[in-house]
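The tour below goes stop by stop.

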Amino acid sequence: MAFPSKQLYGGKLIAHDSVKAHLLSDLPGVEATGKQEAANVIARLIGGITQRTKLQLRPIPLQLTLPLSLSHPPEDTTAPLLFFDTSTASHGELADDDDPTAAAPSLHNPGEAALVVAHVRALVAAGLAPSRIAIVSPYAAQTRRLALAVAADPDLARGGGGGVEVATVDALQGAERDAVVLSLVRSNARREVGFLRDVRRLNVAMTRARRQLAVIGDGRCLAAAADGGGVGGGGGAFLKRWVEFLEEVGEVRYVE
């Protein structure tokens with residue numbers, strides 16, 4: 001909430017004292033997995049003193065390099081803001097032609113989708129109820145593919161309205177979840193970000209989480225977005241400032 005409050009509301013949007021420090025680990029039955037546990041488990045899985053040295057804890061932002069081959073990377077339930085930066089990986093966006101009614105093809109990003117599902121699985125494994133999690137993306141093609149992935153996983157798609165929700169940013173407006181995983185999709189050599197310049201849409205995306213927001217995106221592409229105005233005006237500069245905020249305040253993990 002700190003970033004949109006400062007950038008859009010003149011610092012007047014303030015969380016109540018009773019909720020501003022809430023974490024996922026405060027919920028009943030949710031295991032508290034902290035930064036040191038994450039570093040130790042990753043080092044143990046990928047092995048070697050060299051890798052362990054790379055994962056030394058540093059002052060915030062904590063930067064851990066996660067190999068994509070880890071199907072269940074250990075995620076912090078004690079971190080309110082996570083940023084999985086895919087700029088060091090080859091997770092390119094792809095056009096989607098599955099919706100014949102669309103005026104133009106939507107976009108999806110298979111690499112980001114895999115990271116989203118891995119993170120959600122880890123949260124559920126730590127004890128977080130799937131119904132407390134929402135997966136969000138500005139792109140309909142990405143939400144379609146993520147919805148299929150969730151539906152295929154019985155641990156994530158529990159019936160009776162108790163499963164993980166998958167929605168576009170617009171569809172989630174007005175709703176909240178304890179954990180929100182946001183896939184930004186855009187990753188290209190041209191550094192084009194399309195309607196991620198829409199300040200209003202970004203504001204909705206970053207204010208839906210009660211206890212943890214996990215952002216997955218290509219930091220290099222997003223930060224290099226030229227300020228082309230966009231819906232809401234100044235969207236490129238706003239997006240760049242948000243990436244800088246994520247890197248400064250959040251727990252940053254680079255994906256190889």
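A charge sits over a ring if NZ of Lys or CZ of Arg is within 6 Å of the ring centre and within 35 degrees of the ring normal. This is a predicted model: local features need pLDDT of at least 70, side-chain atom pairs count only at pLDDT 80 or more, and totals for chains, interfaces and linings use all residues. Residues are numbered from 1 along each chain as its sequence is written, and side-chain values use heavy atoms, with hydrogens and water left out.

**Stop 1: the rings**

Select Arg-201 and Phe-195. The charged end of Arg-201 sits over the ring of Phe-195, 4.5 Å from its centre.

Rings of Phe, Tyr and Trp (its six-membered ring) pair if their centres lie within 6.5 Å; planes under 30 degrees apart count as stacked, over 60 as edge-to-face and the rest as tilted. The count comes to one aromatic pair. Tyr-139 and Phe-195 form that pair, and it is stacked, at 4.6 Å centre to centre with 20° between the planes. Tyr-139 lies in the loop between E5 and H5, Phe-195 in the loop between E7 and H6, 56 residues apart. Those labels are DSSP runs numbered from the N terminus: helices (H or I) have at least four residues, strands (E) at least two.

Is Tyr-139 buried or exposed? Tyr-139 is buried, at 5% relative accessibility. Phe-195 is partly exposed, at 34%. Here buried means under 20% relative accessible area, exposed over 50%, and partly exposed in between (1.4 Å probe, protein chains only).

**Stop 2: salt bridges**

A salt bridge is a side-chain nitrogen of Lys or Arg within 4 Å of a carboxyl oxygen of Asp or Glu. The structure holds 13 of these salt bridges.

Select Arg-190 and Glu-93. Their closest N and O atoms are 3.9 Å apart. Arg-190 lies in the loop between strand E7 (177-183) and helix H6 (199-206), and Glu-93 in the loop between strand E2 (81-85) and strand E3 (94-96), so the pair ties together parts that are 97 residues apart in sequence. Arg-190 is exposed at 53%. Glu-93 is buried at 14%.

Next, pick Arg-177 and Glu-165. This salt bridge is 2.4 Å, N to O. Arg-177 is in strand E7 and Glu-165 in strand E6 (residues 165-168), twelve residues apart. Arg-177 is partly exposed, at 22%, and so is Glu-165, at 26%.

Then select Arg-210 and Asp-178, which form a salt bridge with closest N and O atoms 3.8 Å apart. Arg-210 is in strand E8 (residues 209-217) and Asp-178 in strand E7, 32 residues apart. Arg-210 is partly exposed, at 45%, whereas Asp-178 is buried, at 4%.

**Stop 3: helix H4**

Select residues 110-125, which are helix H4. How many of its 16 residues are buried? Twelve are, and H4 is mostly covered. Among the buried residues are Leu-115, Val-116, His-119 and Leu-123. Show their neighbours: the buried residues of H4 pack against E2, strand E5 (133-137), helix H5 (140-151), E7, E8 and strand E9 (251-255), where contact means heavy atoms within 4.5 Å.

Finish at the ends. Asn-109 caps the N-terminal end of H4, with a side-chain oxygen 3.3 Å from the backbone nitrogen of Gly-111. Just after H4, Gly-127 takes a positive phi of about 110°.

Methods. Expected span 1.5 Å × (residues − 1). Polar contact = N/O pair within 3.5 Å; in protein donor to acceptor, adjacent residues only side chain to side chain.
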